[in-house]
Amino acid sequence: FISKAEVLQRKGRAGRVRDGFGFTLLTQNRFQLRLQAMPTPEILRCSLMELMLSVLSSGLQPSCFSEALDPPPKSRVDQAVTTLRATGAVEEGVRPADAVRWSREEEETWFVITPVGQCLARLPCDVRLGKMVLYAALFGGVEAVWTVAATLTHRSPLASPFSESKRAQARAVHCAELLPKAGPPSDHLALHTAYVKWDEARKNRVAESFCKKSWLNNQVLQTIRDIRNNFLESL
């Protein structure tokens with residue numbers, strides 16, 4: 001649920017031009033007793049890997065997070081550094097003699113960004129997905145990798161209706177049209193198959209009818225296409 005501050009902020013939009021009403025889909029009891037007063041800062045609820053990569057790219061060190069208005073727990077900072085080191089985006093280096101100290105804490109280890117990390121910092125996705133995309137481009141990988149990465153960055157285009165009967169019908173269509181007839185099934189390759197078929201239907205200007213028949217979300221597929229194009233432009 002959103003916070004009380006966000007409820008009141010949205011309520012104020014109703015009266016910008018004239019008197020209006022703001023409807024919120026929660027009870028008064030939940031609003032008074034269970035909602036937190038202010039939203040959780042993004043630095044406390046999102047992954048720090050991308051932000052950590054930007055911080056290290058600018059010459060700062062992980063200890064600078066302790067100076068934030070809402071500093072994240074040290075365990076999350078350490079986890080982000082560990083993941084970046086595991087992906088090859090960051091490595092230990094030598095502290096420059098003229099390095100500016102941005103934190104009161106003494107840095108035990110000086111981290112520097114690698115050439116791979118510099119490339120990953122430019123990709124609009126999770127660092128681990130970015131490495132997959134980058135290596136696919138370097139080694140001439142199939143385009144399915146870019147589609148899979150774009151889908152995992154956004155969300156699945158497979159429609160999931162509320163009705164149990166329609167949900168079973170959609171599942172049957174997905175299995176029949178997207179999974180390979182021979183060989184082991186793959187969720188990721190099924191998503192790529194869905195994108196390829198949708199892209200062909202889009203070029204023939206029948207994307208809407210194709211999505212309705214195949215139980216796919218046309219708007220999600222358009223977003224996946226945009227993300228995929230961003231990958232290609234960045235690469």
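Reply: A salt bridge is counted when a side-chain nitrogen of Lys or Arg is within 4 Å of a carboxyl oxygen of Asp or Glu. Side chains of opposite charge can pair when their charged atoms come close. The model is predicted, and it holds seven salt bridges.

Start with helix α10, which spans residues 187-203. Asp199, Arg202 and Lys203 are linked there in a network of salt bridges. In the pair Asp199 and Arg202, the closest N and O atoms are 2.8 Å apart. These two residues are three positions apart in helix α10, so about one helical turn separates them. In the pair Asp199 and Lys203, the N to O distance is 3.7 Å.

Asp199 has a relative accessible area of 15%, and because the cut-off for buried is under 20%, it counts as buried. Arg202 is partly exposed, at 28%. Lys203 is exposed, at 59%.

Arg205 has a positive phi of about 60°, although it is not a glycine. With 79% relative accessibility, Arg205 counts as exposed.

Another salt bridge joins Glu143 and Arg228, with the closest N and O atoms 2.9 Å apart. This pair links distant parts of the chain: Glu143 is in the loop between α7 (127-138) and α8 (144-153), while Arg228 is in helix α12, 85 residues apart. Glu143 is partly exposed, with a relative accessible area of 47%, whereas Arg228 is buried, at 8%.

For the setting of these pairs, consider the charges of the whole protein. The protein has 31 positive and 24 negative side chains, and the centres of the two sets lie 10 Å apart. The protein has 12 helices and two strands. Its radius of gyration is 23 Å, well over the 18 Å that the globule rule gives for 235 residues, so the protein is more spread out than a compact globule. Of the 235 residues, 32% count as buried; Asp199 and Arg228 are among the buried residues.

Methods:
Residues are numbered from 1 along each chain as its sequence is written. This is a predicted model: local features need pLDDT of at least 70, side-chain atom pairs count only at pLDDT 80 or more; totals for chains, interfaces and linings use all residues. Side-chain values use heavy atoms; hydrogens and water are left out. Helices (H or I, at least four residues) and strands (E, at least two) are DSSP runs, numbered from the N terminus. The radius of gyration is taken over C-alpha atoms; the globule rule is 2.2 Å times the number of residues to the power 0.38. Buried means under 20% relative accessible area, exposed over 50%, partly exposed in between (1.4 Å probe, protein chains only). Lys and Arg count as positive and Asp and Glu as negative; His and the chain ends are not counted. The place of a charge is taken as NZ of Lys, CZ of Arg, CG of Asp or CD of Glu.
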